[in-house]
Amino acid sequence: MSVAERGRIASVARLEEIRRELEAKGRRYATTISVCAGTGCQAYGCQEVVNAFAAELGTRKLDEKVLLRSTGCHGFCEKGPLAVIQPGGVFYQQIKIKDVPDIVEKTIIGGQVIERLLYSEPKTKERIAREADVPFYKFQERIVFGRNGIIDPTSIEDYIAAGGYEALAKAVTTMSPEQVIDEVTRSGLRGRGGGGFPTGRKWAVTRRQAEAVKYVVCNADEGDPGAYMDRSLLEGNPHSVLEGMLIGAYAIGASDAYIYVRAEYPLALKNVHIAIDQANEWGLLGDKVLGSDLSLRVHVSRGAGAFVCGEETALMASIEGRLGTPTARPPYPAQSGLWGKPTNINNVETWANVPLVITRGAGWFSRIGTEKSKGTKVFSLVGKINNTGLVEVPMGIKLRDIVFKIGGGIPRGRAFKAVQTGGPSGGVIPESLLDLPIDYDALTEVGAMMGSGGMIVMDDRTCIVDVARYFMNFLREESCGKCTPCREGIKVMLGILTRICGGEGAVEDIERLERLARGIKAAALCGLGTTAPNPVLSTLKYFRDEYLAHVVDHRCPAGVCTALISLAIDEAKCKACGRCVKVCPTEAISGGQKKVAAKIDQGRCVRCRACFETCPFEAIVIT
Amino acid sequence: MEVDTKEVGTICEKHTGGGGSLVMLLQDIQGRYGYLPREVLKEASRNLGVPLARLYGLATFYRSFSLKPRGRHEICACTGTACHVRGARLILEQLERRLGIRSGDTTGDREFTLVSVNCLGACALGPVVVVDGKYHGKVTVGDVDEILAAVKGAAAGEKS
């Protein structure tokens, strides 16, 4: 049905009618193939797999019976390109173009499962056929993220058929704005962007303001390196974010909304623009949404690559076209935000939770999670972990379960060292705290932080001092320079850490770091500055020995800090294969052929470890 | 180098009036010219009656703006935390050594611009290097020469 025939949806009854039509249309297909087309899988070349499926289905004249769908991110980035076939929920991973005819022939037509494309459990080598049985998915609770896998993000029809805009319909026809706020408050939903502020309370304050013009803003400036759940939600299910914002706008009385998207996320930008255009056409945005009194215009602002713009006051300055430097609070955005008007800012994941709270109720939502942290949280599990990907788990799950049951443990059988959470504002969690139930308060208590949900796993070959230096370097580049403690303090801390990693540290440096950290925490202007020392403080708390090894023994136990290590070849193990000679970027290795063991010229060696990574015989030793 | 400033007026027009944003104006200029040429910024400043210093302030505050022309090929090394713990720094250093430039700079022949990015969110592939939009995953120091040879080969192919 074209837009012209259907027209704007002017009532909830009409929305339900259309939903029934779309569901009936969906039932015409005997089989659905959902191929993950998130940014991660696109990097693996999933588009070619989708094209191959389309061609194969076309040739076999199956396009009427089989629905091929490019969906948003399924989360299991490690195994892309991947596809799920319904009914049955068969999960195929690492699909290559040449596998496509086989899948169509055997699985789609023949109803058989192709063993070689199934996920294989690393320990038992058991092949698992159904997506729901794969450990990576089995221990998750994907209430927010789950719909990513069943809808095409560029199709509003898909979203509506999957129950989309039902929550909006319920809110604008059966609830007053106060009732909506009350429901969100009772659900216990807290901001998913880092601070964890109760969402309902924030909405209530914004609603109370006497001003006629108010704004809602979606913070999609996901800047924490290693965190990409907001991108995947915006990319994979943009309508769920729009629906959340519509409900928020109804509750607080706003008629304009802004989505501030990080510049590095081109696909999210594209899909969010498509979703807004569609929602406008269908009458789900614009004037008199679903025939109600709610009117909302949504604008998109593209970031320009400044981490500090994730901070809400800086973000608003950036939307206004100014330098993205934070301002002191109060006044809070709820009182005086965009262009001085009351503004409610929530991040992508928070907005995506809102429709669920309204449809299924505060009672249902608050049964998931812990006493003070309700619902689920999407984490990006990355770094030294077997199953890299996005995982959605109930609050209160043990870190050990995330890392080992869902994440499949550490690659190459190495030892777990720590998990870094909360990005540059967060901290590390050592092995002794693996049984910690993960929620906002537990993480803060141990000196880490929920942040936006990045979880960087580290093994015994990760140097903790180097990680602290990494974050300080990041923050020095991203400090906006407005306040002195942050601008100068971080620079000095970075200098000390660079000295320590360079083998020129002294024991007193540790105390200097702690003193500076206290000063910056107390005196910096915004969240970026006050939390900036966290990566150093928390690593000092749990890994002081490793700092001491650097400053006292001038040794890097993890073998990472180039000034503190040297590489040598164990002649007994060297098979003179020559691989290290080829890979060395500075031609520092000689020999390695005609049965003569290789030898490293220490003067030329830059300790890049290329040879170490390459050698198949473990003949390269780091000391 | 001569820069054609004819289109500046059209771009400025889009961003005047209510809700106009100078950040978006600069994004459009960079989209058109590939960077922010001095003549264009001067023209935009005159056209909009905005001090040049303000445009310069924005251009240097936000990381995605460049005041220098970029190379024909962009090599982008991800230095997000996940890539970092998998050795991204060593990859970036190797790229710097091989290209003879520092991160953020462009080679003298304007063939290559080397940049680093805080996170591309393709962490399963880390360390990641993106060359002209093409992703290279699980890159090792040893892969760098191959990656560069492929771009140089393609570049030579384009010219011939």
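This is a predicted model: local features need pLDDT of at least 70, side-chain atom pairs count only at pLDDT 80 or more; totals for chains, interfaces and linings use all residues.
**Leu290(A)**

Leu290(A) is in the loop between α13 (266–282) and β9 (297–302) of chain A. I then checked its backbone. The phi of Leu290(A) is positive, about 50°, although the residue is not a glycine. I noted this since most residues other than glycine have a negative phi. Is Leu290(A) buried or exposed? I find 23 C-beta neighbours inside 10 Å, so Leu290(A) counts as buried. The cut-off for buried is 20 or more.

**Arg609(A)**

I went on to Arg609(A), another entry on phi. Arg609(A) is not a glycine, yet its phi is positive at about 70°. I place Arg609(A) in the loop between β18 (599–600) and α25 (610–614) of chain A. How many C-beta neighbours does Arg609(A) have inside 10 Å? I get 21, and therefore Arg609(A) counts as buried.

**Pro330(A) and Pro331(A)**

Next I turned to peptide bonds. Most peptide bonds are trans. The bond that joins Pro330(A) and Pro331(A) is cis. Its omega is about 0°. Where is Pro331(A) found? I traced Pro331(A) to the loop between α14 (312–319) and β10 (343–347) of chain A.

**Gly126(B) and Pro127(B)**

I also looked at chain B. Here the peptide bond from Gly126(B) to Pro127(B) is cis. I read omega near -5° for this bond. Pro127(B) lies in a loop of chain B, between β2 (112–117) and β3 (129–131).

Note on methods: Residues are numbered from 1 along each chain as its sequence is written. Chains are lettered from A and ligands numbered from 1 in the order in which they are written. Helices (H or I, at least four residues) and strands (E, at least two) are DSSP runs, numbered from the N terminus. A residue is buried if 20 or more other C-beta atoms lie within 10 Å of its own, exposed if 12 or fewer, and partly exposed in between; C-beta atoms are placed from the backbone.
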